[in-house]
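This briefing concerns helix packing and the surroundings of selected residues. The structure is shown first, and the points are then grouped by topic.

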Amino acid sequence: MSEEPRYLAVDVGGTNLKYALINRSGQMIKKSRMETPHEGLTQFLEAIEKISDKLNGQLNGVAFSTPGRVDTTTDTIYCRNSTLPYLNEVCLPRKLQKLGLPISVENDGKSAALAESWLGNLNDVKNGMAIVLGTCVGGGIMLDGHLWAGSRRLAGEVSLMPADQTNLADDGLFGKTGSAVRMIEAVNTVIGASCLTDGHCAFAAINAGQAQATQIFRQYAREVAALILRQS
């Protein structure tokens, strides 16, 4: 174990696992990413164990930000309808006991709000919100300088809000219409990119003013703007 407390922070996304070694001040020492396993829970746990093994002796704890509702009294994740259904009703601290480390779990949107309040754009802001654009749309709310989770810990879950009141199906929810991954896939499809999930390639086309790419991005930006207006 390192003399200076260091922690593994893991953001569990529907597309990628993004992870970093950080110290107690929130300074990032190193970071990396890998494709999120979709085969099942066993493969996911193996991936986390491999990441931990690479940092052998450096860790004092592990923190996860995950999709879905997280019961912080039991560290259990509930995400039956997410892109990672194998995490539903899973308690990661119990599943990863072999690491021998303290493990904490929080919803990704709420994690973002806490991080921004600590060291980011919500620092010194008493009332604010963080919106996370990824495979779905995450959200976290700070009220009077504290995270507001709601009685069922669903406050800020903007993915479940209808983007169009006439379409209450899954495709009509902000989690789909506001998905950055879906926007990137749409752009890469029209420009003929070899990898549909390559964000760098999609934004290169957008920044270059490619007509179809720009049109898709502008429509996406309108969806996000509509979401922000509904929250304000």
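Leaving out neighbours up to four places away in sequence, Leu173 contacts Ser159, Leu160, Met161, Pro162, Ala163 and Leu168. The model is a predicted one.

**Individual residues**

- Leu173 is located in the loop between β11 (146-148) and α4 (174-177).
- The relative accessible area of Leu173 is 16%, and because buried means under 20%, Leu173 is classed as buried.
- Between Leu173 and Ile141 there are 32 residues of separation in sequence, and their C-alpha atoms lie 19 Å apart in space.
- Ile131 belongs to strand β9 (residues 128-133).
- With a relative accessible area of 28%, Ile131 is partly exposed.
- The contacts of Ile131, setting aside neighbours within four places in sequence, are Val137, Gly138, Gly139, Leu227 and Ile228.
- Ile131 and Val224 are separated by 93 residues in sequence, while the distance between their C-alpha atoms is 9.5 Å.
- Thr214 is part of helix α7, and Thr214 counts as buried because its relative accessibility is 15%.
- Apart from residues up to four places away in sequence, Thr214 touches Ile206 and Gly209.

**Helix α1**

- Helix α1 covers residues 41-54; its 14 residues should span 20 Å at 1.5 Å a residue, and the separation of its end C-alpha atoms, 20 Å, agrees with this.
- Buried positions in α1 are Leu41, Phe44, Leu45, Ala47, Ile48, Glu49, Ile51 and Ser52.
- These buried residues of α1 pack against the strands β1 (6-12), β2 (16-23), β3 (28-35), β4 (61-66) and β7 (90-91), and also against α2 (92-95).

**Helix α3**

- Helix α3 (residues 108-119) contains 12 residues, and the distance from its first C-alpha to its last is 16 Å, close to the 16 Å expected at 1.5 Å a residue.
- In α3, Gly109, Lys110, Ser111, Ala112, Ala113 and Ser117 are buried.
- The cover over the buried residues of α3 includes β4, β8 (103-107), β9, β10 (137-143) and β11.
- Strand β9, which contributes to that cover, is also the strand that holds Ile131.

**Packing of α5 with α6**

- Helix α5 (residues 180-191) packs on helix α6 (residues 199-207) at an angle of about 65°, and the two axes are 9 Å apart.
- This angle makes the two helices, α5 and α6, roughly perpendicular.
- The crossing of α5 past α6 is left-handed.
- From α5, Met183, Ile184, Val187, Asn188 and Ile191 take part, and they meet Gly199, Cys201, Ala202, Phe203, Ala205 and Ile206 of α6.
- Sorted by class, this contact comprises 9 nonpolar and 2 polar residues, with no charged residues.

**Packing of α6 with α7**

- The axis of α6 and that of helix α7 (residues 211-231) come within 8 Å, crossing at roughly 105°.
- The helices α6 and α7 are therefore roughly perpendicular.
- Phe203, Ala205 and Ile206 of α6 form the contact with Ala213, Thr214 and Phe217 of α7.
- By class, 5 nonpolar and 1 polar residues make up this contact, and no charged residues are present.

Note on methods
Residues numbered from 1 in each chain as written. Predicted model: local features only at pLDDT ≥ 70, side-chain atom pairs only at ≥ 80, totals over all residues. Heavy atoms only, no water. Helix = DSSP H or I, 4+ residues; strand = E, 2+ residues; numbered from the N terminus. Expected span 1.5 Å × (residues − 1). Buried < 20%, exposed > 50% of the residue type's maximum accessible area, 1.4 Å probe, protein only. Contact = heavy atoms within 4.5 Å. Axes fitted to C-alpha atoms, helices over the stretch in contact; angles between N-to-C directions. Parallel < 35°, antiparallel > 145°, perpendicular 65-115°, else oblique. Left-handed = near helix turned anticlockwise from the far one by under 90°. Nonpolar A, V, L, I, M, F, W, Y, C, P; charged D, E, K, R; others polar.
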